Amino acid sequence: IGLYRSASEPEEILLEAEAGNPLGASWRLYTNPASSGGRHIGSQDGDGDDNTNPPAAQWIANYNFVVTGGVYRIVARIITSPGNSFWIRIPGATSPQLTRADGWVNTNPMDMGDTWHWDEFHNDDQNDNVVYFTLSAGQHTLEIAKREDGILLDAIVIMGVE
């Protein structure tokens with residue numbers, strides 16, 4: 001009989017989209033029994049697109065979280081019809097997928113769908129590679145901003161990568 005250390009599970013942090021703090025004033029809050037926790041956020045078709053640069057604070061949702069440190073990826077539960085992208089960043093994070101000096105990542109395109117589904121955040125400016133963030137142990141803030149109108153966000157999972 002041999003004794004072995006068990007492999008630890010990757011770290012996972014679940015965040016409800018409507019729990020942004022602060023949640024930019026322009027995000028629309030929706031109630032829907034199909035949403036995780038019964039609520040989600042988004043924008044409506046016609047709210048305007050921010051394709052070239054991230055929008056101002058009224059369209060940014062902030063999520064504070066604590067990690068043990070390492071490499072992480074982010075997946076989101078979304079509806080992408082008609083819009084299919086966000087801007088995301090984690091100030092202080094490093095990543096080979098960061099291509100802008102301000103740290104924002106253009107996640108276009110995310111998988112299209114008019115029902116809730118999960119998708120990883122990709123970097124449009126880097127051949128749609130999945131974005132991996134290297135984070136030190138401690139508290140960080142994920143910022144998610146509207147890029148295209150008509151996209152809905154229900155939940156976010158920050159997942160450690162083994």
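Strands, labelled E, are DSSP runs of at least two residues, and helices (H or I) are runs of at least four; both are numbered from the N terminus. The model on display is predicted: local features need pLDDT of at least 70, side-chain atom pairs count only at pLDDT 80 or more, and totals for chains, interfaces and linings use all residues. Residues are numbered from 1 along each chain as its sequence is written, and side-chain values use heavy atoms, with hydrogens and water left out.

**Stop 1: the loop between E9 and E10**

Select Asp128, which lies in the loop between E9 and E10. Its phi is near 60°, a positive value in a residue other than glycine. Asp128 is partly exposed, at 35% relative accessible area. Here buried means under 20% relative accessible area, exposed over 50%, and partly exposed in between, with a 1.4 Å probe and protein chains only.

Asn127 is not a glycine either, yet its phi is positive, about 55°. Asn127 is exposed, with a relative accessible area of 71%.

**Stop 2: two cis peptide bonds**

Select Asn108 and Pro109; the peptide bond joining them is cis, with omega about -5°. Pro109 sits in the loop between strand E7 (105–106) and strand E8 (113–120).

Then select Asn21 and Pro22, which are also joined by a cis peptide bond, with omega about 0°. Pro22 belongs to the loop between E1 and E2.

**Stop 3: Glu18**

Glu18 is in the loop between E1 and strand E2 (28–31). Glu18 is buried but has no salt bridge; Arg39, the nearest side chain of opposite charge, is 5.8 Å away. A salt bridge requires a side-chain nitrogen of Lys or Arg within 4 Å of a carboxyl oxygen of Asp or Glu. Lys and Arg count as positive, Asp and Glu as negative, while His and the chain ends are not counted.

Show what touches Glu18: leaving out residues up to four places away in sequence, these are Leu23, Leu29, Ser36, Arg39, His40, Ile41 and Asp154. Contact means heavy atoms within 4.5 Å.

**Stop 4: the nonpolar core**

A nonpolar core is a set of buried Ala, Val, Leu, Ile, Met, Phe, Trp, Tyr and Cys residues joined through side-chain atoms within 4.5 Å. The largest one has 30 residues, and those with the most contacts inside it are Tyr63, Phe86, Leu142, Ile144, Leu153 and Ile156. Strands that each supply at least two residues of this core include E4 (60–67), E5 (70–80), E12 (138–146) and E13 (151–160).

Finish on Leu142. Beyond its neighbours within four places in sequence, Leu142 is in contact with Ala61, Asn62, Tyr63, Phe65, Ile74, Arg89, Ile90, Ile156 and Ile158.
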